[in-house]
Amino acid sequence: MKLGEKIKEARKQCRLSQEQLAEKLAVSRSAVAKWEANNGLPDVDNLKSLAAMLNVSIDYLLDNGEPIDTGVIREPYNLSDYGKGSKKKKKDRVIREKFPDAEIHTLLGNQKLTTSEKAIGNLLGFFTDAPFGTPDLINSFKNMDKEFYLVQQGEKQYFVTVTDEFVESRRLAKHITADKFEIGNWQFLKCKYKVTLR
């Protein structure tokens, strides 16, 4: 049985709809539908949450004979050690130092809104002078310290997040070839330019 079938079966055992499970995980219903149709994989945090909410083990969900690498490496670093310039330039130096021989693309990331966040945004816009899209604006402020990268190192591909305090690298089991893609409750756009040594 594949991961998506296991998620669907466990969700039904817990008497949850896709919408209810998505709400509990703070992801979109379409993300849950993709997972259940085996058209996408939950990230590590969502996988842990899924296992806890559905009363199953992570091992049970992943044990289907398919190679899924969920190893995430989080390494602290000191941003001030990476020279002068903007935080973005310093983070580019961090990622270039970590993957000196790799092809590295910057990613533009946008956190998807949950159903309740969309509803709140619409209500705020309707009943007040607040602009529509206020929750989007709040999410962008919450994630201002993050830079995202797609790293191709030989046959291996990594999704890397660099914050002001740590570098988080995740090896991808399935290669990303599209310019637009989703991981968990995030949407990403691959920038055309590559990160070079500066």
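The following dialogue explains how to read several features of this predicted model.

User: How is a pair of aromatic rings described?

Analyst: The description of such a pair rests on two quantities, the distance of the centres and the angle of the planes. In this structure, a search of the whole model finds six aromatic pairs. One of them joins Phe-148 and Phe-159, whose ring centres are 6.1 Å apart and whose planes stand at 15°, so this pair is stacked.

User: Which parts of the chain does the pair of Phe-148 and Phe-159 link?

Analyst: The pair links distant parts of the chain, 11 residues apart. Phe-148 belongs to strand β3 (residues 147–153), and Phe-159 belongs to strand β4 (residues 156–162).

User: Are Phe-148 and Phe-159 buried or exposed?

Analyst: A residue counts as buried when its relative accessible area is under 20%. Phe-148 has a relative accessibility of 6% and therefore counts as buried. Phe-159, at 5%, is buried as well.

User: What kind of aromatic pair do Phe-148 and Phe-188 form?

Analyst: Phe-148 and Phe-188 form an edge-to-face pair, with 5.1 Å from centre to centre and 70° between the planes. Because Phe-148 lies in strand β3 and Phe-188 in strand β7 (residues 186–194), the pair ties together parts that are 40 residues apart in sequence. Phe-188 counts as buried, with a relative accessibility of 4%.

User: Which residues do ring pairs link into a cluster?

Analyst: The cluster consists of Phe-148, Phe-159, Phe-181 and Phe-188, linked by ring pairs. Another ring, that of Phe-166, has Arg-74 lying over its face, at 3.8 Å from the ring centre.

User: At what angle do helix α2 and helix α4 pack?

Analyst: Two packed helices can be read from the angle and the separation of their axes. Helix α2 (residues 18–25) and helix α4 (residues 44–53) pack at about 120°, and their axes are 10 Å apart. The two helices are therefore oblique to each other, and α2 passes α4 in a right-handed crossing.

User: Which residues of α2 and α4 meet?

Analyst: On the α2 side, Leu-21, Lys-24 and Leu-25 take part. On the α4 side, they meet Asn-46, Ser-49, Leu-50 and Met-53.

User: Leaving aside neighbours within four places in sequence, which residues is Lys-87 in contact with?

Analyst: With those neighbours left aside, Lys-87 is in contact with Leu-79 and Asp-164. Lys-87 and Asp-164 are 77 residues apart along the chain, and their C-alpha atoms are separated by 8.0 Å. Lys-87 lies in helix α6 (residues 87–98) and counts as partly exposed, with a relative accessibility of 47%.

Definitions and conventions:
Residues are numbered from 1 along each chain as its sequence is written. This is a predicted model: local features need pLDDT of at least 70, side-chain atom pairs count only at pLDDT 80 or more; totals for chains, interfaces and linings use all residues. Side-chain values use heavy atoms; hydrogens and water are left out. Rings of Phe, Tyr and Trp (its six-membered ring) pair if their centres lie within 6.5 Å; planes under 30 degrees apart count as stacked, over 60 as edge-to-face and the rest as tilted. Helices (H or I, at least four residues) and strands (E, at least two) are DSSP runs, numbered from the N terminus. Buried means under 20% relative accessible area, exposed over 50%, partly exposed in between (1.4 Å probe, protein chains only). A charge sits over a ring if NZ of Lys or CZ of Arg is within 6 Å of the ring centre and within 35 degrees of the ring normal. Axes are lines fitted to C-alpha atoms, for helices over the stretch in contact, and angles run from 0 to 180 degrees between N-to-C directions. Angles under 35 degrees count as roughly parallel, over 145 as roughly antiparallel, 65 to 115 as roughly perpendicular and the rest as oblique. A crossing is left-handed if the near helix is turned anticlockwise from the far one by less than a right angle, and right-handed if clockwise. Contact means heavy atoms within 4.5 Å.
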